[in-house]
Structure formats: C-alpha cells, structure tokens
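Trainee: I would like to learn how to read a two-chain model, one feature at a time. Could we go through one together?

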Amino acid sequence: MQSPLLDPTSELKPMSREILPRLTTLKDKTVGLIDISKPRGKEFLDQVELQLVSVGATVLRYSKPTFARTAPVELKQQISVECDAVIQGLAD
Amino acid sequence: MSDEPSSDIRNYRLFIKKDCPTCELIASTIEEISAALGDRIKIFVQDDPSFLSHLPNILDDSALESSYKEGITIVPTMTLANHPEVRVEGWDRAAWQEFFVGEHLFPTVGDGLPDHKPGCGSKTLDVGMPEKLKLRYENPCEARNIALSDDEDDIESCYERGWTDGLPVVPPTPLRVIRMLAGTNRDPSDIIGNIPPDNAPINIEKLAINAVMAGCKPEYMPLVIASVEAALQDKFCMHGLLCTTYFSSPVMIINGPVARHLNINSGVNALGQGHRANATIGRTLQLIIRNVGGGVPGGIDRAVMGNPGKYTYCFAEDESEKNWPTLAEDQGYDRSNSVISLFAGEGLQPILDQQSRSPDSLSKSMANSLRAVVNTKLYGLADAILIVCPEHRRVFHQAGWTKADLHEAISKQLLMPGAAIVRGVDGIAEGMPEKLKDKTIAKFRSGGLHIVTTGGTAGMFSAIISGWVASGERGSQLVSQIL
C-alpha cells in the first residue's frame with residue numbers, strides 16, 4: 001500500500017470530489033447511450049432509448065470499439081460536449 | 001509493607017547493536033551485568049536479536065521504538081530507567097564502574113577490558129531514519145490524509161486534485177513533510193497568517209507540504225517562511241495582485257548571507273532556469289496561493305495573459321561590489337542581514353547598450369528604455385526594477401558614479417512635459433489626462449524605481465522588470481522581510 005498524501009489545501013472543501021449537478025428533468029435534454037460492444041447490448045439500449053424519447057429527451061448513440069478497454073479519450077470528449085447526460089450499458 | 005518497588009531501587013536500560021565492535025568487545029561484561037542485575041536491567045538490541053540472545057533480559061528493538069523514545073545516539077548506552085537523562089555512552093570503564101556505585105558490580109565491572117573505546121552511532125541516526133521514526137512514533141502532521149489506491153499514480157493524483165501549477169509536483173507524503181519540517185525550528189502548528197483570496201490560515205506544516213510539492217530542500221524553509229510573511233504584509237497587497245487582469249505576480253529578490261548559503265543564483269542566467277533554489281522557492285509561494293489561498297487561474301486570478309514568472313520568479317542580487325548598495329541596504333538593512341524583498345512585477349524588457357562607455361550616455365540609454373514601462377505615454381502608474389548588469393555597473397563605478405547618482409540621473413531624464421504625452425498626442429488616444437498638459441510629469445512615483453544588480457559578468461545587457469499598474473499606496477509596494 002502506498003503512502004497517503006498530506007492535503008496541501010486549506011481543507012475548506014470536502015475530501016471526496018463533488019459530483020456535477022444532477023439533471024432535474026430529461027425533457028429537451030440530450031442523453032448519450034454507450035454500447036460497450038457486448039452481445040445484445042443494442043437490443044437493450046433500443047428499449048432504453050424508447051423510454052427516454054417518450055419523456056422528451058433526445059438520444060444519441062455511441063459505442064466503444066471493445067468492451068475490454070476503456071473508452072477512447074476522443075469518444076469521451078465527444079460525448080462530454082454533445083450530451084447533458086450519459087448512460088453506459090455496463091454488462092451483458 | 002508495600003509490594004511496590006522502592007523508589008531507591010535502580011533499574012537500568014542498556015542499548016546495543018551487534019554491528020558495533022565496542023558492543024562485541026564488552027559482551028562478556030554485559031553477561032556479567034545481566035547476571036548481577038537480573039530483571040532490573042533490560043537490554044535492547046537494535047539490529048540482530050540473536051546477539052546475546054541467551055540472556056534472559058534481551059529485548060528485540062529492531063523497530064527502534066525504545067531507542068528512539070529514549071533519544072539514544074550512541075551504542076552502547078546505559079541509562080537509568082527512571083532517569084534516562086542519566087547515562088553513560090560508549091565504553092569508559094571508570095564511568096561504567098561509577099554508574100554501578102551501590103551495586104555488587106561496583107567497582108570491578110569491566111576489569112580486564114580497555115580503559116576506553118568509543119561506541120558506534122545508534123541505528124536511530126542512520127540516514128533517513130530519524131524522519132521515519134518520527135513519523136512512526138510521533139507523527140506530528142495534522143493535515144488531512146489523502147489515501148491513494150495502489151493503482152493510482154501519485155503524481156497524476158496531484159494533478160487530478162488540482163494541486164499543481166501545470167508542472168509535476170513532488171507528492172507530499174508524510175515522510176517528506178516531516179523531513180521538510182526539520183528545516184525550521186518553528187512549531188508545525190504555528191500560524192503564519194491568512195492566505196488570500198480565501199483568507200485561509202496557513203501554518204508551518206501546510207507551508208511545508210507545499211514546499212515539498214515545489215521541490216524545496218528543508219534548508220530553504222526559513223526563506224520560504226519569510227517569503228510568505230513578506231507576501232502577507234499589507235502594503236504588498238497580495239490579494240489584489242493575485243486577482244488582477246494585469247500581468248503581475250510576486251518577484252523575489254534575495255540579499256545577504258542566505259543567498260550564498262542556499263546557492264541562489266545571482267550569476268549567469270540568474271533569472272532563467274537551472275537552479276533548484278531559484279526554481280522552488282519562488283514556486284512554493286505560487287503553490288501556496290493556489291492551494292491554501294484558492295487563487296486559481298481562471299477562477300479569481302483573471303490575468304489576461306499572466307507571465308511566465310507566475311511559475312516561479314526568484315533570484316539573488318550580485319553583492320560583489322562593496323561600494324554599490326544592495327536592494328536590502330536601500331531598504332534600511334545591512335549586508336549581514338538576510339533579506340527577501342517582494343515586488344509585484346512581470347517579465348523582462350531588455351536594455352541592450354554595448355556602446356556607452358560613459359555613465360552619462362548609459363544612464364540616458366537606460367532612461368529611454370524605462371519610458372516604455374506600461375506605455376510610453378503613461379507616467380506614474382507602475383513602479384519598476386532596473387536590473388543593472390555587472391558590466392553596466394562597472395561603467396558607472398569606474399567613472400565614480402554611485403548608485404544614488406545613477407538613480408538621480410535617470411529620474412531627471414524621466415521628467416516629461418505633460419503636453420507630449422496627454423491623450424490624443426501623436427494620434428494615440430491613450431495617454432495622460434488632458435488636465436496634466438501643462439505639468440511636468442515623472443515616470444515613476446517617488447520611491448517607485450528600484451535598482452538591483454544580477455546576472456553574468458559578460459554581456460552589456462541590463463533589463464527592466466515592469467511593475468503592476470496599481471503601484472504605490474493604492475496597490476502594491478515593494479516589501480522586505482528579514483529572516
């Protein structure tokens with residue numbers, strides 16, 4: 001186990017990093033759906049898309065080249081500028 | 001009758017290590033003492049617990065806890081358990097025999113051994129060990145611990161937490177911080193002041209954490225502390241300086257013995273890269289502003305461009321010319337004082353003059369270049385530091401000019417008729433207010449032009465560090481802090 005670090009800051013902020021503000025509605029928001037490229041992921045996400053569209057969201061679809069590796073930086077950057085929220089299909 | 005041991009019963013502690021010829025030499029005497037005193041003596045072995053392991057009162061102190069807590073510096077050391085300050089170090093037969101006055105061991109213990117043989121260094125003093133033991137048995141650090149997973153890269157973690165100036169920092173582990181704290185006698189909990197913009201209190205420990213990250217050596221600590229104290233002087237106006245849209249940031253100039261002791265560059269490339277002290281002492285203040293104060297570029301730091309000196313800007317003055325006063329002397333100190341001065345300034349503007357051989361010509365040349373500070377048509381806004389290179393200083397000195405003569409000549413050259421620089425003149429909208437057209441205006445306010453010498457001895461290149469446009473009482477003034 002590696003050594004801890006001593007906080008160099010004023011410690012006025014909590015130690016754990018804050019999550020971004022949550023969306024209060026999906027209406028008129030753009031939601032990204034990431035297919036991690038496992039079998040049948042597309043069918044599952046199609047159903048998720050239908051539900052999101054039914055509440056007024058716009059859905060953009062993405063996929064990782066392979067489920068074995070983390071998403072390429074370019075893909076993460078693209079999603080971060082195109083979407084208000086993102087849902088990733090993590091498993092089979 | 002109480003079963004408690006009487007206070008006049010003497011108990012002993014002996015500290016030894018196998019890797020010590022003196023301890024080996026007296027092994028038979030240690031056996032004799034062990035047999036005579038029984039459970040009234042504890043024998044702590046610092047390295048190899050097999051050493052004299054047949055004795056019943058041998059204790060394994062390879063973790064060095066007892067040795068550290070008793071402050072053992074030499075082995076062998078014999079102490080009184082209830083009065084550990086009473087001790088005999090190394091082998092000195094007469095002293096050991098004296099130590100056991102009142103015991104059966106007195107006065108024959110050690111007979112047959114040499115009169116005297118010095119001991120060895122205690123393992124508690126091995127290189128790097130004092131800090132490790134301090135961490136293990138005292139841990140004086142109070143700052144929040146940030147745990148890292150084994151998969152995390154510690155340097156990258158510092159980036160992700162927003163602790164860096166864009167360059168990598170040294171991860172501030174407790175061990176490194178304890179090592180840094182050894183560079184000062186100040187208590188880690190001593191508060192130095194409140195760091196803007198958040199006005200968060202900074203203590204010595206928090207300063208040391210940032211000094212570790214900047215890459216400082218422990219011996220830099222007194223100067224780093226002084227730099228923060230200087231920055232917090234009210235007349236330096238650190239809060240406004242770190243927020244400004246202008247270029248400026250703290251410039252550190254070091255005078256006196258500390259500059260030589262810490263090898264702060266005042267020679268070739270003095271304002272450039274390559275010297276640890278210059279690089280890290282200046283950087284520490286900037287990291288403190290960022291991390292403790294919360295002054296982050298794009299946050300409250302609204303500089304349009306900033307300047308490269310916002311990473312670090314620290315140099316020493318060349319004090320080799322005894323008849324040419326230093327900046328610290330100008331501020332009322334003498335050459336025996338170690339002084340740090342802070343100036344709100346930005347990057348360098350060169351003054352190339354390879355032709356002037358008379359002080360009159362060179363001072364006019366310098367004055368002409370100084371007109372460009374801020375804007376050639378704006379006077380009295382910013383202070384400045386004129387850095388006279390050693391070769392230019394020689395021109396003045398050999399002609400019999402003093403530093404005061406140079407200052408006076410430049411100041412005269414920098415008086416300007418208002419009509420020449422008011423708004424609109426030369427087809428340029430910028431300039432001094434129209435109401436000053438009939439006045440004579442000085443480029444610098446009284447006390448606003450400082451003269452410093454630094455740099456290599458070859459090259460007739462002086463320079464200007466232009467100051468913040470909010471100079472003087474309404475903004476920032478040069479401040480000095482004695483160590």
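This is a predicted model: local features need pLDDT of at least 70, side-chain atom pairs count only at pLDDT 80 or more; totals for chains, interfaces and linings use all residues.

Trainee: Which strand of chain A joins β10(B), and in what direction do they run?

Mentor: Pairing is read from the bridges between strands. Here strand β1 of chain A, residues 5–6, is joined to β10(B) by two bridges, and the strands run antiparallel.

Trainee: How many residues of chain B are in contact with chain A?

Mentor: For that we count residues on each side. In this model 25 residues of chain B are in contact with 13 residues of chain A. On the chain B side, β10 (145–146), α7 (174–181) and α8 (204–214) each supply at least two residues. The most comes from α8(B), which gives four residues. Sorted by class, that side of chain B has 15 nonpolar, five polar and five charged residues.

Trainee: Let us turn to chain B as a whole. Why is chain B described as more spread out than a compact globule?

Mentor: Chain B has 16 helices and 21 strands. Its radius of gyration is 31 Å, whereas the globule rule gives 23 Å for 483 residues, so chain B is more spread out than a compact globule. Along the principal axes, its C-alpha atoms fill a box of roughly 105 × 50 × 45 Å. Buried residues make up 43% of the 483 residues in chain B. Of the contacts in chain B between residues at least 6 apart in sequence, 74% join residues at least 24 apart.

Trainee: Now a single helix. Which residues of α1(A) are buried, and which are exposed on the other side?

Mentor: With a helix, check its span, then its faces. Helix α1 of chain A, residues 41–54, reaches 20 Å from first C-alpha to last, close to the 20 Å expected for its 14 residues. Its buried residues are A:G41, A:L45 and A:L52. Seen down the axis of α1(A), they fall within an arc of 15°, so they line one face of the helix. Exposed on the other side are A:E43, A:Q47, A:L50, A:Q51 and A:S54.

Trainee: What do the buried residues of α1(A) pack against?

Mentor: They pack against β2 (30–35), β3 (58–63) and β4 (85–89) of chain A. Just after α1(A), look at A:G56, which takes a positive phi of about 100°.

Note on methods:
Residues are numbered from 1 along each chain as its sequence is written. Chains are lettered from A and ligands numbered from 1 in the order in which they are written. The radius of gyration is taken over C-alpha atoms; the globule rule is 2.2 Å times the number of residues to the power 0.38. A residue is buried if 20 or more other C-beta atoms lie within 10 Å of its own, exposed if 12 or fewer, and partly exposed in between; C-beta atoms are placed from the backbone. Two residues are in contact if their C-beta atoms, placed from the backbone, lie within 7 Å. Ala, Val, Leu, Ile, Met, Phe, Trp, Tyr, Cys and Pro count as nonpolar, Asp, Glu, Lys and Arg as charged, and the others, Gly among them, as polar. Two strands pair if DSSP finds at least two bridges between them. The expected span of a helix is 1.5 Å times one less than its number of residues. The arc is that of the directions from the helix axis to the C-beta atoms.
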